[in-house]
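Subject: Structure handover and notes

Dear colleague,

I am handing over the structure below, together with some notes on what was found in it. Please read the notes with the coordinates open beside them.

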Amino acid sequence: MAQLNLVKIDGGFLIPHTDEDKALIDKKRIGTVLTADFRETRNGKFHRKFMVLLKLGFDYWTPVGGTVSPHERNLLSRFAAELAKYGGEHQTLQDLASGFLDGMAQKRANLEVEKSFEAYRKWVVMEAGFYTVAHYPNGTVRKEAKSISFAKMDNNEFDELYRACVNVIWNHTLFAYFDSQAELDAAVNRLMGF
């Protein structure tokens with residue numbers, strides 16, 4: 001089964017998009033009926049613009065914060081506060097939690113961390129709210145970034161994703177390097193060669 005790409009033109013007509021599509025149609029006899037399930041394809045230039053935005057954010061991003069995540073710090077701090085309700089001095093328990101986390105950070109500090117574009121891309125997409133939740137056999141639950149492939153995301157959802165990711169990258173990193181989001185957009189367009 002061959003794939004055929006058509007473009008709608010004035011008058012409601014569909015014409016072949018490429019020479020290959022035209023060659024495929026030319027092989028059919030006059031009067032041949034073709035059936036198809038139509039779906040609108042995403043704008044490839046917009047997809048490339050998204051990738052340029054991600055690359056720009058990735059290039060300006062410098063990993064900071066150490067080896068203990070804010071989530072881990074928050075969880076242990078809340079646990080210490082909960083323990084304080086059942087007896088124990090709140091500040092002492094917080095200090096113990098902080099000391100434990102500092103020791104854990106020291107043990108983890110020996111790990112080599114490599115800046116990864118793929119991990120960054122997935123993080124941005126999840127921070128933008130485009131993720132699924134996976135349940136694993138050991139009982140853990142983890143967010144996984146939604147696929148941005150053409151087959152998995154239509155134009156409307158991709159447009160929403162792009163706008164949300166601009167905000168994530170802006171708020172996390174690029175606000176410190178550009179005066180406005182309009183200036184950021186102009187920089188992305190220059191990199192795209194628009």
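The notes below take up the conventions, a hairpin, a helix pair and some salt bridges.

This is a predicted model, in which local features need pLDDT of at least 70 and side-chain atom pairs count only at pLDDT 80 or more, while totals for chains, interfaces and linings use all residues. Residues are numbered from 1 along each chain as its sequence is written, and side-chain values use heavy atoms, with hydrogens and water left out.

Helices (H or I, at least four residues) and strands (E, at least two) are DSSP runs numbered from the N terminus. Strand β1 (residues 6-9) pairs with strand β2 (residues 13-16) in the antiparallel sense over four bridges, where pairing requires that DSSP finds at least two bridges between two strands. The two strands, β1 and β2, form a hairpin with three residues between them, and G11 in the turn has a positive phi of about 90°. Across the pair, K8 stands opposite L14 in β2.

Helix α6 (residues 155-172) and helix α7 (residues 181-192) have axes that come within 11 Å and cross at roughly 110°, the axes being lines fitted to C-alpha atoms over the stretch in contact and the angles running from 0 to 180 degrees between N-to-C directions. That makes α6 roughly perpendicular to α7, a term that covers 65 to 115 degrees. In the contact (heavy atoms within 4.5 Å), Y162, V166, N167 and W170 of α6 meet Q181, L184, D185 and V188 of α7.

The structure holds eight salt bridges, each defined as a side-chain nitrogen of Lys or Arg within 4 Å of a carboxyl oxygen of Asp or Glu. One of them joins K49 to D185, with the closest N and O atoms 3.1 Å apart. Because K49 lies in helix α2 (residues 44-60) and D185 in helix α7, the pair ties together parts that are 136 residues apart in sequence. K49 counts as buried at 11% relative accessibility, whereas D185 is partly exposed at 31%; buried means under 20% relative accessible area, exposed over 50%, and partly exposed in between, with a 1.4 Å probe and protein chains only.

Another salt bridge joins the side chains of R121 and E118 (2.7 Å, N to O). Both R121 and E118 lie in helix α5 (residues 117-127), three residues apart, which is about one turn of the helix. Here R121 is buried at 10% relative accessibility, while E118 is partly exposed at 38%.

Definitions and conventions
Angles under 35 degrees count as roughly parallel, over 145 as roughly antiparallel, 65 to 115 as roughly perpendicular and the rest as oblique.
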